[in-house]
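Please look over the sequence and the three-dimensional structure shown below.

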Amino acid sequence: MSVNQQAHAGPPYGQPQPAYQRYQQPGYGGQQMPGVPHSQYGVYNGPVPGHQQPAPPQGYFPSLGLPSKGSPVSLNSDTSSLAPNFIGPLRTPPTSGAPPPTSGAPLPVGQPAYNQFGQGDVQNGIPASAVQMQRPSVSQPFIPGSTPTSISQLSSFQQYGPSPTSAQQLTNHMARMTIGSVPTSAAPPAGLGYGPSTSVSPASGSFTATGSGLYTPYSSSQGPPPASMTHGLPPTSLSQGVPLAQPAFSGLPLSMQRLPSQGPGYAPPPSSTGIGPSNYPSTTGAPRPSTMQSPPLSGQALAGLPASQPNHLSSPPPPQQAMSGPHPGPPMTGLQGPPPPPTHPSQPGYQIQQNGSFGQVRGSQPNYGGAYPGTPNYGSQPGPPPPPKRLDPDSIPSPQLSELPPQQKPRHRIDPDAIPSPIQVIEDDRNNRGSEPFVTGVRGQVPPLVTTNFLVKDQGNTSPRYIRCTSYNIPCTSDMAKQSQVPLAAVIKPLATLPTEETPPYLVDHGESGPIRCNRCKAYMCPFMQFIEGGRRFQCCFCSCVTEVPPHYFQHLDHTGKRVDFYDRPELSLGSYEFLATVDYCKNNKFPNPPAFIFMIDVSYNAVKSGLVRLICEELKSLLDYLPRGGNLEESAIRVGFVTYNKVLHFYNVKSSLAQPQMMVVSDVADMFVPLLDGFLVNVNESRTVIASLLDQIPEMFADTRETETVFAPVIQAGLDALKAAECAGKLFIFHTSLPIAEAPGKLKNRDDKKLINTDKEKTLFQPQTNFYNNLAKDCVAQGCCVDLFLFPNQYLDVATLGVVTYQTGGSIYKYTYFQLETDQERFLNDLRRDVQKEVGFDAVMRVRTSTGIRATDFFGAFYMSNTTDVELAGLDCDKTITVEFKHDDKLSEDSGALLQCALLYTSSAGQRRLRIHNLSLNCCTQLADLYRNCETDTLINYLAKYAYRGVLNNPVKTVRDALINQCAQILACYRKNCASPSSAGQLILPECMKLLPVYLNCVLKSDVLQPGPEVSTDDRAYIRQLVTSMDVAETNVFFYPRLLPLTKVDVDSDALPAAIRNSEERLSKGDMYLLENGLNIFVWVGVNVQQGLIQNLFGVSSFSQISNTMSTLPILENPFSKKVRSIMDMLQAQRSRYMKLIIVKQEDKFEMLFKHFLVEDKSMSGGASYVDFLCHMHKEIRQLLS
Ligand SMILES: [Zn+2]
């Protein structure tokens, strides 16, 4: 079945629900102001953010008493108890308010002067000529101009014009697998074989500029923080004083609460919730036998199959491999550690082979390598494993091998060194393309890989940091596109952080008339618009409509037709820039108030007992001084508010005029309302002492709590109502520990059931258990209320449901299973710091416009859509991506190419309304070979993973896996049929750009969402499903194919990383240590034979057996090796959007199984195929399609 023929699953949670307050979408603003003198708008005003609006009000001034807006106030409810109160006597100020010790550059802010390049560098717009840039073949050096592209230099780009697509072949000539390369019919031969490269560059560049960019919290350049809030609070005794007036509530049925009020004699509550952290917190790997039988090996040649063999994918699995029931074990309830060991840990997956024809297995995973209980007859007949490929005395012993007589060694195996290697491709790209900047002046250029460190020069197309495409050359017709099955998609990260060497988008202020737009399609002025009639009108590059140039924007053209002010205007010469939005772009035609952050802390028993509440409060004291400032503001405009909750909610008045914070309790959670307006959201500096006092007192107030139940939906509702009342957008930071079982709206039940895995009902595990949260999310989006969720579960808490609001509001979700202060504190605090400080666009709407012929048809990511074109994001941060798929609605032309324009309207953290525009021009082709030469496999995998992860919401997982395999087989078969030169059917021929498609696809198929091992919890799967949906290409790349670095190869005198190695156990040496990272975890694997000196240097212990596998950080030791390894880890952490958890794995230790899960070229414990097997399988699929 074809993926593209499958009906698209809708946005995961909920379908368009039109009826709520929105902006007037397509046509806002853009009308010219008649009679405005030209000079007033003349040129781009450079670095000055020409924001002329009146300063937004600092705070709001509600009428005393009832909330003027927002949810109905139910003050007459008998059950509401509002208790303005004083919070106990002040405690001595703590001394721990210092900012975390980190330094570095701030997130790029401000609007630098627009002098990026001199006049004459660029021609008007993007040349429409068919200068076709291809990714150079790996054998060719990349020689771009060393200076920004000029017209004359365009020719130099052409010098490596048609890329010599070297097709890679797997042949089974003479009954043995050989791999070679043949030229395609469309290109001269220049291929490299897959053979072991002799030119592996050791230790090439560090990764600092890839993906999410550098991030360093607590920038030293932000200036010193204001005086600590915790400093110098005079002790007072206001607890006996008169309550400061709360006039609104006087006379209302408010119950007074005096805090702290808990008496002594505390006893732990009868815990129905698990409080016993397991030995191994977040990844509950059940220990498994570490020694397994080798699989039977096939001696059959790969390609010797009869072509008529039925497609095994469509045949039902044999009964003994039925997908149901391999995951015993009760749902996780109550006090419970990791799930019990599986009785049938394997899931056969696709590799149900009755004949074993492709079941050739490398024999060099002797101890663990292959058959696991429950995988019958993998491969055909037992056969001898192949000889070892390396003569490494430290390589893992292979007793079976040595026992075998040489003549029995198989002759028909595939040499793993001879199949396409991700490491090699990454290295080659880094060597070929990492040394020169990527200049965006040419249409349809394939950028360097995300793993390559390169600089970008914007010369009219947006940077690949903002947009990456699956292909940079689009088929001209939909028939061609369907034939190839290559999805056409763009992965867009509109607010991506740039490396410090690159310039953030310039801000353009056109004054009251706003941005210049096409009259018909409303596209924004961009480098592709064509000025005509002496500059009086322009023709839209998207819809061809001709629009008058407003008088204030008029400029003469030079003899080439280029506007004279071309270089003064970012919107004419750059791929990415921002416009200051006018009031027409604002909700209710009113400029927005600055956003607010509300911290909502679960203070139930588990949260208090684990030390979490105290940790959060301590951290906030210093962290609040680092709220995003959205540019060059002296201090953040963001106001803050605080709520704590268990079964009831506690609101805090932290108005600056108070000497002490006041608490109000709302116990009527069924009808949530915010009991105070004035004093709930405050400026941090103004209310510094009151906030500090509150954060000191919260842990004390609840220290003796016995409340174990929590509510959840009312918490979000309260935050939403508070933002509504304050008439602002904002973000809720919710710290939550358990399944919300207390009586309240949105109450949930434990419905975890692993028995559903591999049944038709498995999809329900990914679906929310109630629609309640979808509706709540809709309300949040309408208000611009983004919800970030920090989860600290000791058991199932239904991430699939709790995450709905977070997901649909563009928020982030973090999960710390079995949270323990000692081991998880650093990770949590780093995540929190980054999350609080990162730049966020609020109340955002994104639209992608395209030139005639294609249009955006499908969207993936964390957002909400109420119609088919507008992506609505309550919040969008610098790490989030939105993936857009395109389909043809007409023919495209090779001459004009195809254009994308992504426009994001948002409110900055300073409260400024802005439009960020990214433009990208792509080539179009009539030859399939051009398509296959200009694809990006990393982006393709990013798209396919998101597509599949959405598919599991509505389809059996097996169906989704089969569809993925089928689509990729069709992609490769189409290439073979149309682009490769005629050759034997026994050859597997892969396009150069896609030679990693099989290995990466296999990683997606084996991932926890699509093929979970028994140790993977339902919540983990839901969590990962959500994470991947918003990941950028760099993140999915390392998530699906982790980076594995040999630590003993580290050069302590060099900045470079050691060369990565392939993710396979046979690459590991027991005399070495390795670091593996996948964006969520960092493993350090220690072989049993590692030199004692190295162990001493890294772990500070004298022997292998003394290494503790519970350490969460490496000890700080003063030797070069320790320093170097820690600096590598710091560098890796800085590249990722989340702080990775460190896990120490000793060889042959019980946690080694966990580590092996990430050796993705090997067969997985959950039944995922090895790379070699999968490649053979793909080959068979392709042959069937071709026959
Ligand atoms: Zn237009």
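The model considered here is a predicted one. Its protein chain contains 22 helices and 31 strands. The chain has 1187 residues, and 65% of them count as buried.

Cysteines deserve a brief remark. The number of disulfides in the structure is zero.

Helix H9 spans residues 713-726 and helix H10 spans residues 772-783; their axes come within 10 Å and cross at roughly 20°. How are H9 and H10 oriented to each other? They are roughly parallel, because angles under 35 degrees are placed in that class. The crossing of this pair is left-handed. On the side of H9, the contact is formed by Ala713, Ile716, Gln717, Leu720, Leu723 and Lys724, while H10 contributes Phe772, Tyr773, Leu776, Asp779, Cys780 and Gln783. Sorted by class, these residues of the contact between H9 and H10 comprise eight nonpolar, two polar and two charged.

Gly746 is found in the loop between strand E18 (730-736) and H10. Is Gly746 buried or exposed? With a relative accessibility of 9%, Gly746 counts as buried. Apart from its neighbours within four places in sequence, Gly746 is in contact with Ala713, Pro740, Phe772 and Tyr773. Of these partners, Ala713 belongs to the H9 side of the helix contact described above, and Phe772 and Tyr773 belong to the H10 side.

A second pair consists of helix H11 (residues 799-808) and helix H17 (residues 1018-1029), which pack at an angle of about 20° with their axes 9 Å apart. This angle makes H11 roughly parallel to H17. The crossing of H11 and H17 is right-handed. In this contact, H11 supplies Val799, Ala800, Gly803, Val804 and Tyr807, and H17 supplies Asp1019, Ala1022, Tyr1023, Gln1026 and Thr1029. By class, six of the residues in the contact of H11 with H17 are nonpolar, three are polar and one is charged.

The crossing of H7 and H12 is right-handed. Which residues make the contact? From H7 they are Leu612, Leu615, Ile616, Glu619 and Leu623, and from H12 they are Leu821, Gln825, Phe828, Leu829, Leu832, Arg833, Val836 and Gln837. Nine residues of the contact between H7 and H12 are nonpolar, two are polar and two are charged.

Met480 is placed in helix H4. With a relative accessible area of 10%, Met480 is buried. The C-alpha atoms of Met480 and Gln927 are separated by 8.6 Å, although the two residues are 447 residues apart along the chain. Beyond its neighbours within four places in sequence, Met480 is in contact with Pro475, Cys925, Thr926, Gln927 and Leu928.

Gln485 lies in the loop between helix H4 (478-484) and strand E7 (489-492). Gln485 is not a glycine, yet it has a positive phi of about 65°. Its relative accessibility of 5% means that Gln485 counts as buried. A positive phi is also found at Asp843, again a residue that is not a glycine, with a value of about 50°. Asp843 is located in strand E21 (residues 840-850). At a relative accessible area of 10%, Asp843 is buried.

Note on methods. Residues numbered from 1 in each chain as written. Predicted model: local features only at pLDDT ≥ 70, side-chain atom pairs only at ≥ 80, totals over all residues. Heavy atoms only, no water. Disulfide = S-S within 2.5 Å. Axes fitted to C-alpha atoms, helices over the stretch in contact; angles between N-to-C directions. Helix = DSSP H or I, 4+ residues; strand = E, 2+ residues; numbered from the N terminus. Parallel < 35°, antiparallel > 145°, perpendicular 65-115°, else oblique. Left-handed = near helix turned anticlockwise from the far one by under 90°. Contact = heavy atoms within 4.5 Å. Nonpolar A, V, L, I, M, F, W, Y, C, P; charged D, E, K, R; others polar. Buried < 20%, exposed > 50% of the residue type's maximum accessible area, 1.4 Å probe, protein only.
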